[in-house]
Amino acid sequence: MKWIRSILSVCTLLLIALAQEQPLSILDIAKETSEHTTFVAALYKADLVKTLSRANPVTIFAPNDEAFRKTGDSSSEILDNPALAEILKNHIVAKKWVVADMIAAIDAGGGSTTLETLGGQ
């Protein structure tokens, strides 16, 4: 059950998107939350905003601000990382995944699954 809670927590932005009456981009939704300010700033710094504003469906496994704080790096260290764009791309999957699909994929994989990200990981 622990992995189910983990899946649900990383899908927060996707679930919020599905609940909206008018479709918003995943970036618009992230900007509206108070828990993803560092991630949103990183997307702008890495010039990935256009990638997320496209009509193509994506799923983002967006670390929240608490996760960034746990790295021990300051916001400026995170945003100035030369590998920032590649790190962020490894959190973006070029497909719309809903929780039920993820659970099914994990079950089919015997407890784990692999998703190809925009970063190729």
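Read along its sequence, the protein chain runs α-α-α-α-α-β-α-α-α-β-α, which comes to nine helices and two strands (DSSP runs numbered from the N terminus: H or I of at least four residues for helices, E of at least two for strands). This is a predicted model, where local features need pLDDT of at least 70, side-chain atom pairs count only at pLDDT 80 or more, and totals for chains, interfaces and linings use all residues. Residues are numbered from 1 along each chain as its sequence is written, and side-chain values use heavy atoms, with hydrogens and water left out.

Let's head inside. Of the 121 residues, 33% count as buried, meaning under 20% relative accessible area with a 1.4 Å probe, protein chains only. The largest nonpolar core has 19 residues (a set of buried Ala, Val, Leu, Ile, Met, Phe, Trp, Tyr and Cys joined through side-chain atoms within 4.5 Å). Helices α3 (26–32), α4, α5 (49–53) and α8 (84–89) each supply at least two of its residues, and α4 gives the largest share, four. Apart from this core lies another, of six residues, among them Val 93 and Trp 97.

Leu 27 is one of the residues with the most contacts inside the largest core. Leaving aside residues up to four places away in sequence, Leu 27 touches Val 40, Leu 43, Tyr 44, Val 49, Leu 52 and Ser 53, a contact being heavy atoms within 4.5 Å.

Now for Thr 38, in helix α4 (residues 37–45). Thr 38 counts as buried because its relative accessible area is 13%.

Methods: Buried < 20%, exposed > 50% of the residue type's maximum accessible area, 1.4 Å probe, protein only.
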